[in-house]
Amino acid sequence: MLTQAPKGTKDILPSEIHKWHYIEKEIAQICSDYGYKEIRIPVFEHTELFQRGVGDTSDIVQKEMYTFSDKGGRSITLRPEGTAGVARSYIENGMSSLPQPVKLYYNITAYRYENVQKGRYREFHQFGVEAFGSYGPSIDVEIISMVKLLFDRLGINQVRLNINSIGCPACRAEYNKKLKDYLRPNLENMCPTCKTRFEKNPLRIIDCKEQGCKKITAGAPALIDHLCEECKNHFEGLKAGLDNIGIEYSVDKNIVRGLDYYTKTVFEFVSDSIGAQGTVCGGGRYDGLIEECGGKPTPGIGFAIGIERLLMVMENQGIEIPQPKGIDIFIAAIGEKAHKYAEKKVYELRKESLSAEKDLMGKSLKAQMKYADKLQAKYCIVLGDEEIDSGKAVLKNMKTGEEKEISLDTIIDRLKM
Ligand code: HAM
C-alpha cells in the first residue's frame, strides 16, 4: 500500500512532463488568442454546490463524489469538475458587474469515484473554458471553434464533433411527458438506475449504456424534434454559425450529457481510436446554473477536455511532441581545485539563465562524460589543475565533436553566441 498510489491515480513522471507542458503552452496560447483569462479555483468546495450545480440526478452526485466532513463538521467535496466552482466564483466575486461576456479558463485536477478503465481515472486533468453573460448562439460557435482550433494546432484529426440541443426547461417539460408516455409500457424492463430516472430526469434514460434500456429507447422521441421556437432558432443559429466558419459536425440526437445543468446546446468531440471512453471533450450551455447557485439569471456556456484522453489520441495518431532540449553545458572536473572552480562557474552560468551542470557524485572523468551525454549537453569542458592555472580550456561541441580552446572567462559569451 505504502508504495502504491491509490487506484485511479497516476504520477506524471519527469520523462513525460514535457508533453503536459507542451499542451499547457498551446492551451495558454489559444486562450490568449480567444481572450479567455485563467482562473484558479479550490480543489474542494461545499458539497451542496455540486448537488445544486451538477445536479442531484447525475451519476457524479449520486455515485462518484469524494465527500467527507472536515474537522469543523462541514460537508466538503473534492471537485468532480470545474464548471460549478467557476460559477460559484463568478457570483461570489461580483463578476456580473464586469463587461460581459466574462471569459474564463482553467487547468484543473478533478476527482470522481469511477470504475477505473482505460481513459477513465479517479483523479484526472481537465482544461476547461466557461463564458458567462451571452445567450448566443454566436458564443456557442466561438466556444466550439476554440476546441476545433486547439485540436488542429495539436495536429489531431481523428475526432468528430457531435452537437445536439436539449432545449430549455419549458420545452423539456413538454418533451418529458411525451418521453415518459413512450417509455411507461416498458418501465419494468429498464435497469434500476433508469427506473429512478424515469420520474426525476427521464431525459438521462436516452444516455443509458445498458443493452436492455438501449433497445427500449431506440425508437423514443428525440428532444431535438420537440424544441420550442426559441430553442429551435438557437440551434439553427448554431448550425449556421458553424457552417459559416467551415466547421464540420453531425447532429447526434442522443447526446444528453451526464450533468444536470445543461440547456440548449450540448456537444462532444469524440475519438474512435482510444477505446470505450472516446469522448475527449464535452460541453454545452447552462443558462440556469448561475441562478441555481444563487446568482442573478445569467447564461453560460463552456467545455472541458480531458488531458489524459487528449494525450491518448495524440499518441494513437503518432503525433510527436517536441522533446525537451538538453542542457547548455556540462563542466567536467578532475581534482578538488577543479571541482571548486566548476561549482563557482555553474553558478555564474545559471545566473545568466544558461543551464549548466557539474558532477555531484564524485564520478570518474569517463563517467562524467557519459552523464553529460545523458543530459544531452550541447557543450562540455574538462577542467583540471592545468586549465585552472592557465585560465584556458577546450570547449567541445557535443553534437559535431568540434573542439576549440577558449579562455574560461569567455564561456558565458560563447554560449550566448
Ligand atoms: P464531462 O463530460 O463530465 O464534462 O467531462 C469532460 C471531459 O473530461 C470528458 O470528455 C473526458 O475527456 C474527461 N473526463 C471526465 N471524466 C473522466 C475520468 N474519470 N477520467 C478521465 N477523464 C475524464 C464536464 O466535466 C463539464 N464540466 C464540461 C463543461 C464545462 N460543460 C460546460 N462547461
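Me: How many nonpolar, polar and charged residues does the shell around the ligand have?

Reply: This is a predicted model, where local features need pLDDT of at least 70, side-chain atom pairs count only at pLDDT 80 or more, and totals for chains, interfaces and linings use all residues. Residues are numbered from 1 along each chain as its sequence is written, and side-chain values use heavy atoms, with hydrogens and water left out. Ala, Val, Leu, Ile, Met, Phe, Trp, Tyr, Cys and Pro count as nonpolar, Asp, Glu, Lys and Arg as charged, and the others, Gly among them, as polar. By class, the shell has 10 nonpolar, 9 polar and 7 charged residues.

Me: Which residues are the closest to the ligand?

Reply: A residue is near a molecule if one of its heavy atoms lies within 4 Å of it. The ligand is surrounded by 26 residues. The closest are Glu 81, Glu 114, Tyr 121, Arg 257 and Tyr 262.

Me: How far is a nitrogen atom of the ligand from an N or O atom in the side chain of Tyr 261?

Reply: A polar contact is a pair of N or O atoms within 3.5 Å. A polar side-chain atom of Glu 81 lies 2.6 Å from a ligand nitrogen. For the side chain of Tyr 262, the distance to a nitrogen of the ligand is 2.6 Å. For Tyr 261, it is 2.9 Å.

Me: What share of the ligand's accessible area does the protein cover?

Reply: Accessible areas come from the Shrake-Rupley method with a 1.4 Å probe. On its own, the ligand has 650 Å² of such area. The protein covers 96%.

Me: Which strand gives the most to the shell around the ligand?

Reply: Strands (E, at least two residues) and helices (H or I, at least four) are DSSP runs, numbered from the N terminus. Strand 6 (123–132), strand 10 (279–285) and strand 11 (300–306) each give two or more residues to the shell. The most, 6 residues, come from strand 10.

Me: Why is one side of strand 1 and of strand 8 left without a neighbour in the sheet?

Reply: Two strands pair if DSSP finds at least two bridges between them. The open sheet has 8 strands in the order 1-5-6-11-10-9-7-8, with mixed pairing. Strand 1 (37–38) and strand 8 (250–251) stand at the edges, so each has a single partner strand.

Me: Which residue in strand 10 stands opposite Thr 263?

Reply: Strand 9 covers residues 263–271. Its pairing with strand 10 is antiparallel, over 6 bridges. Opposite Thr 263 stands Arg 285.

Me: Of what kind is the pair of Tyr 261 and Tyr 286 rings?

Reply: Rings of Phe, Tyr and Trp (its six-membered ring) pair if their centres lie within 6.5 Å; planes under 30 degrees apart count as stacked, over 60 as edge-to-face and the rest as tilted. The whole structure has 10 aromatic pairs. Here the centres are 5.6 Å apart and the planes stand at 70°, so the pair is edge-to-face.

Me: Where does Arg 257 lie?

Reply: Most residues other than glycine have a negative phi. Arg 257 has a positive phi of about 70° although it is not a glycine. Its place is the loop between strand 8 and strand 9.

Methods
Polar contact = N/O pair within 3.5 Å; in protein donor to acceptor, adjacent residues only side chain to side chain.
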